[in-house]
Each structure stands twice: as structure tokens, then as C-alpha cells.
Amino acid sequence: MAYRRKRKFYGNQFTLPKKQKAEEVAPSRSKQKLAGTTYDVQPEVPSGVEGYRLIDVALLADFLSEHLVCRKCHGRIEMTEDGGKRKGLSSMLVVTCQECANEENTYTSKKVSGGAMDINRRMVLAMRLIGKGLQPLEQFCGVLNMPGSMEDKTYAGHVTALRKAAKEEAEKSMTKAVNDIRHFYEVNPDGIVDIGVSGDG
């Protein structure tokens with residue numbers, strides 16, 4: 001059996017002094033160019049009450065009846081739902097005064113472009129992001145004792161709108177990337193920028 005020569009240990013990233021590691025690893029050219037660049041990535045902090053919540057409407061109705069009164073006669077109010085005007089996951093809530101019969105109503109979701117309800121658009125997006133479709137959405141609503149979601153045609157319309165929006169955002173992102181490259185790298189007279197590109201696959 002041949003004799004194998006033992007390899008000598010010269011240290012690694014965990015044993016080398018921090019100063020030595022910093023000297024051996026020089027910053028890349030891209031890192032040097034980006035060193036003086038700052039980006040605003042602070043998350044938006046919501047002001048006031050906004051967004052969606054899963055609420056038991058019976059509890060909400062009891063709460064409103066107990067603590068709110070009619071703005072016209074200060075009589076007792078009652079909250080109900082107009083099931084005939086429901087739009088997908090957006091319900092129409094109706095507040096009726098028991099004294100003067102004054103009635104006010106509102107949907108539980110705002111509208112987006114095209115007149116679609118925001119909650120329906122967001123729910124379709126959520127299902128698409130986890131690789132699911134209309135049937136799992138129906139099951140989700142059933143488990144939570146929520147009204148039926150939407151028809152096949154309506155769901156397909158939301159998918160089409162989301163695809164269009166995603167395409168527009170992708171084009172904006174790629175255009176911004178091109179402008180950033182032209183800003184950080186030298187552009188040749190022919191308009192071409194010589195940069196390294198890595199790929200996988």
C-alpha cells in the first residue's frame with residue numbers, strides 16, 4: 001500500500017484573523033460602484049385602521065347595535081346583510097334605524113380598476129401564489145363558513161387582470177434594471193454595455 005502524505009492545515013475562514021480575511025477578500029467592482037448608492041426600502045407603516053380582517057358578522061352586528069345610534073333621531077340601529085347584492089367575498093352591510101327607519105349601506109370591500117372588488121382580486125392572487133385555483137378557494141370559504149366566492153367566469157377575469165398587471169410590472173422592473181446598468185457601467189459608442197452575465201440551466 002502506497003504511503004499517503006499528510007496535508008498541512010493552513011487555516012480557514014474560521015481560524016484566520018479578521019484583518020487577514022479582509023485583506024485577502026477584495027470587494028468586487030460592482031460592490032465598489034454600489035457602495036455610495038442608497039435605496040429607500042423602509043416598509044410602509046399603515047396609519048389608522050385599514051386592511052382586511054376575518055370577522056364574525058353576528059358579533060359585529062351585536063356590537064354596533066349596542067354602542068351606536070341613528071345619526072338622525074338617535075334611535076337604536078340594527079345591522080343586517082343584503083345577500084342579493086353580494087359580490088363574491090364582498091358583502092353589502094345594511095344599517096337600519098328601528099325608530100325612523102333611516103337606512104344606510106356599504107360594501108365590505110372597496111373597488112379597483114374595472115369595477116372589481118378589491119377583496120376578490122386579492123383572494124384570487126393569494127390562491128395563484130400558492131398554486132391553487134377556484135375549487136380550493138371554495139373549500140377555504142366553506143371551512144370558514146363564508147359565503148360562496150365567485151363564478152368561473154369571474155375568477156378567470158381576475159386571473160386575466162392579474163396577468164396583465166404582472167406583465168406591466170415586469171416590464172417596468174426590467175426597464176429600471178437597464179437604466180441602472182447604464183448608470184453604473186460605461187456605455188460604448190455603439191450603445192452597448194460590456195458587463196458579465198451569469199446564467200443557470
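The model is a predicted one, in which local features need pLDDT of at least 70 and side-chain atom pairs count only at pLDDT 80 or more, while totals for chains, interfaces and linings use all residues. I number residues from 1 along each chain as its sequence is written, and my side-chain values use heavy atoms, with hydrogens and water left out.

**Overall layout**

I took helices (H or I, at least four residues) and strands (E, at least two) as DSSP runs numbered from the N terminus. On that basis I listed six helices and three strands in the protein chain, and from the N terminus on I read their order as α-α-α-β-β-β-α-α-α. For the surface I used the Shrake-Rupley method with a 1.4 Å probe, where for residues only the protein chains shown count as cover. The protein chain exposes about 16,800 Å², and carbon and sulfur atoms supply 54% of that area. I then turned to contacts, meaning heavy atoms within 4.5 Å. Of the contacts in the protein chain with a separation of 6 or more, 35% come from residues 24 or more positions apart.

**Helices α4 and α6**

I describe two packed helices by the angle between their axes and the distance between the axes. My axes are lines fitted to C-alpha atoms, for helices over the stretch in contact, and the angles run from 0 to 180 degrees between N-to-C directions. For α4 (residues 118-129) and α6 I noted an angle of about 75°, with the axes 10 Å apart. Angles under 35 degrees count as roughly parallel, over 145 as roughly antiparallel, 65 to 115 as roughly perpendicular and the rest as oblique; α4 and α6 are therefore roughly perpendicular to each other. On the α4 side I listed N120, R121, V124, L125, M127 and R128, which meet Y155, H158, V159, A161 and L162 in α6.

I looked at N120 separately, a residue of helix α4. N120 is buried, because its relative accessible area is 5%. Setting aside neighbours within four places in sequence, I found N120 in contact with K87, G88, L89, S90, M150 and H158.

**Salt bridges**

Side chains of opposite charge can pair when their charged atoms come close. My criterion for a salt bridge was a side-chain nitrogen of Lys or Arg within 4 Å of a carboxyl oxygen of Asp or Glu. A search of the whole structure gave five salt bridges, and I wrote down details for some of them.

- R122 pairs with D118, the closest N and O atoms being 2.8 Å apart; both residues lie in helix α4, four residues apart, about one turn of the helix. D118 is buried, with a relative accessible area of 7%.
- R86 pairs with E81, with the closest N and O atoms 3.1 Å apart. R86 counts as partly exposed because its relative accessibility is 33%, and E81 counts as partly exposed at 34%.
- E169 pairs with K172, with the closest N and O atoms 3.8 Å apart. E169 and K172 are three residues apart in helix α6, so about one helical turn separates them. K172 is exposed, with a relative accessible area of 55%.

I built patches from residues with over 30% relative accessible area and no salt bridge, joining like charges within 9 Å and nonpolar side chains (Val, Leu, Ile, Met, Phe, Trp, Tyr) within 5 Å. L54, F140, V143 and L144 make a nonpolar surface patch of about 420 Å². I placed L144 in the loop between α5 (134-143) and α6 (152-184), and L144 is partly exposed, with a relative accessible area of 38%.

V187 is in the segment after α6 and counts as partly exposed at 32% relative accessibility. Not counting residues up to four places away in sequence, V187 touches R182, I192 and V193.

**Positive phi**

Most residues other than glycine have a negative phi. I noted H74, a residue other than glycine, with a positive phi near 60°. H74 lies in the loop between α3 (57-67) and β1 (77-81) and counts as exposed at 60% relative accessibility. I also noted A101, not a glycine, with a positive phi of about 65°. A101 lies in the loop between β2 (92-97) and β3 (103-107) and is exposed, with a relative accessible area of 54%.

Key:
Buried means under 20% relative accessible area, exposed over 50%, partly exposed in between (1.4 Å probe, protein chains only).
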